[in-house]
Amino acid sequence: MLSTMKLPSHITEKKLKSLYKEMWLIRYFDEKVDQFFAKGMIHGTTHLCVGQEASASGSIGVLQAKDKIISTHRGHGHCIAKEGDVNKMMAELFGRVTGYCKGKGGSMHIADVEKGNLGANGIVGGGIPLAVGAALTSKMKNQGYVVLCFFGDGASNEGSFHEALNLAAIWDLPVVFICENNQYGMSGPVKEMTRIENIAERASAYGIPGKVVDGNDMIEIMNTVHEAVEKAREGNGPALIEMKTYRWKGHSKSDAKKYRTREEETEWRKKDGIKRFKDLLIEEKILSEEEANKLQEEAKKEIEEAVKFAENSPEPPLESLLEDVYA
Amino acid sequence: MTEIKIREITYLEAVREAMSQEMRQNEDVFILGEDIGVYGGAFGVTRGMIEEFGPERVRNTPISEAAIAGGAVGAALTGMRPILELQFSDFITIAMDQLVNQAAKTRYMFGGKGKVPMVVRTPAGSGTGAAAQHSQSLEAWMAHIPGLKVVQPSNAYDAKGLLKAAMDDDNPVIFYEHKLLYRTQCNVPEEQYSIPLGKADIKREGKDVTIVATAIMVHKTLEAATELEKEGIDVEIIDPRTIVPLDEEAIIESVKKTGRLIVVHEAVKRGGFGGEIASMIAESEAFDYLDSPIKRLGGLAVPIPYNPTLEKAVVPQVPDIIEAVKETVRFK
Ligand SMILES: Cc1ncc(C[n+]2csc(CCOP(=O)(O)OP(=O)(O)O)c2C)c(N)n1
């Protein structure tokens, strides 16, 4: 059955089910954050990835545990997909000491180095060179891990993107660059901010493969990323994969969304990656409707538990202010 | 006599008004930056401007700080007067080469040929919960570079007048807008006016101690002074408004009068601009008038944390200023 779906052979049915649940975890997490923001219970700023679950779950879903990721300012999904603990994530957004960054980082700086999540980043394009460095370590120490580097379409206009791709290419580093093209960099439509149709075309300027995938299609994502990751692991160097997707919410809380239309939003919502994945799993008889609902319910509960955990966690003590500036 | 119309507007509106008035008069002035068009900029400063001036003059850019800063330098060198909005002042680091090695040096390296009249407007400071990469106060970096001017308005009136002066200036000017001041209001004349760069404002006259405070610290210091007055301590507050050029004379004169100096800024104290002001006084004739050691209050040497309680604890607050003043005046 799996072969008709042309899934990478090592993806088990069990894994597919867990990815389905994970996508709901991501969605519910960010929906909750959105609510709490509106109520003023979470401060600062956050960037939600509702609508982009497939690119996070599909890409990271084909990694091995030893592989690493580098995320972006829109990183909750990536963190969850890299086995992130939603309790610690929610606690971080509440600024609590039990959070991933002891309440000091907030949404944009969550990292989980032990799990191979080398961190979100508040600087657009800031993480791309870091991914190159992490891949260099893998190569120099012969550690066999691959780095998945996430960034947006907007970030691909930063100098750091171009410099990093070139370096990774000439050194044949095991890094796969994933451009999550959600059509906008804040209010800038990708069509107005670049002259090319596909950001993946930029790969050719650095002599590496570039590929465009439907960023809401789990199967296409998993197949493409799997292939690129394994090639990189075998020493064939980097690749650039562009996921065409959409962020359902505004850029952040200050966004009146004047730069796009309701019709456009509605069109994209129809392409919901979670629903498409569910339909496929049911069609392929990997999941029944009831099972699917059960997994969705479980995800919802876990997020509600995470909220409770966060709310019941203490604030960081004032003495912690000076800790961790230096190692 | 012509009637001068004054009304209360916010700091944010004052900045927008200064730009709009200038753009109506001078075709060479244009703005460029990320999301400054229909979005109106991350903080809403340019809201509505694209409707009036169009996309050629309110120019949305890709997320490319180095290219747009360098682009502004090139445009300025060839006859335009660009205003560059950098979404957060932290991102100045990405444009650093263009600002430090290009904008600041060009005229001098060319032996006085050519000029770079541009303004980099950018929101600075903590207090919004945006954490370590979106909350810094890096003005001392810019002040260190010969060829750049550095402005830090503390209220709407100054913001409008100083921005006019910055736009008229033939040099690159870094114009720091404090995020927490955007919504503050004060009386601002409708017509254009200019506040010369390098002219401090004495915010409050006093005889016991001089406090030099910048940006948001001006407000905290004023609050502290009101408290201290109840205890019979009379604070003089000087807002330099621009740290390059710096109105050294105003500070020296004040210290000669009060015999005491405290400098308060939000930026990290270590290597901060407060050290420069303190040294300037130590090297001046005012040194002989000092009755107590000079004090600096600044941010702790830690990145800005996300948690609101910790965030507040990093930068000087009113009670810290009150305590510093008491310690200083106690010294005999
Ligand atoms: C260097 C830098 N410039 C600007 C910003 C402000 N900013 C944060 S996110 C963002 C848009 C990024 O767009 P994109 O890379 O496409 O990612 P998306 O938000 O669409 O996921 C901008 C302009 C920033 N954080 N860092």
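How many residues surround the ligand, and which are the closest?

## Ligand surroundings

In this predicted model, 22 residues surround the ligand, and the closest are A:Arg74, A:Gly154, A:Tyr184, B:Glu65 and B:Gln87. A residue is near the ligand if one of its heavy atoms lies within 4 Å of it. The ligand lies between chains A and B. By class, its shell has eight nonpolar, nine polar and five charged residues; Asp, Glu, Lys and Arg count as charged, Ala, Val, Leu, Ile, Met, Phe, Trp, Tyr, Cys and Pro as nonpolar, and the others, Gly among them, as polar.

## Polar contacts and cover

A polar contact is a pair of N or O atoms within 3.5 Å. A:His73 places a polar side-chain atom 2.8 Å from an oxygen atom of the ligand. For A:Tyr184, a backbone N or O atom lies 2.7 Å from a ligand oxygen atom. In B:His134, a side-chain N or O atom is 3.5 Å from a nitrogen atom of the ligand. On its own, the ligand has 580 Å² of accessible area (Shrake-Rupley method, 1.4 Å probe), and the protein covers 97% of that area.

## Chain interface

The contact (heavy atoms within 4.5 Å) takes 40 residues from chain A and 35 residues from chain B.

## Basis

Residues are numbered from 1 along each chain as its sequence is written, with chains lettered from A and ligands numbered from 1 in the order written. Local features need pLDDT of at least 70, side-chain atom pairs count only at pLDDT 80 or more, totals for chains, interfaces and linings use all residues, and side-chain values use heavy atoms, without hydrogens and water.

How values were computed
A polar contact is a pair of N or O atoms within 3.5 Å; within protein, one must be able to donate a hydrogen and the other to accept it, and residues adjacent in sequence count only if both atoms are side-chain atoms.
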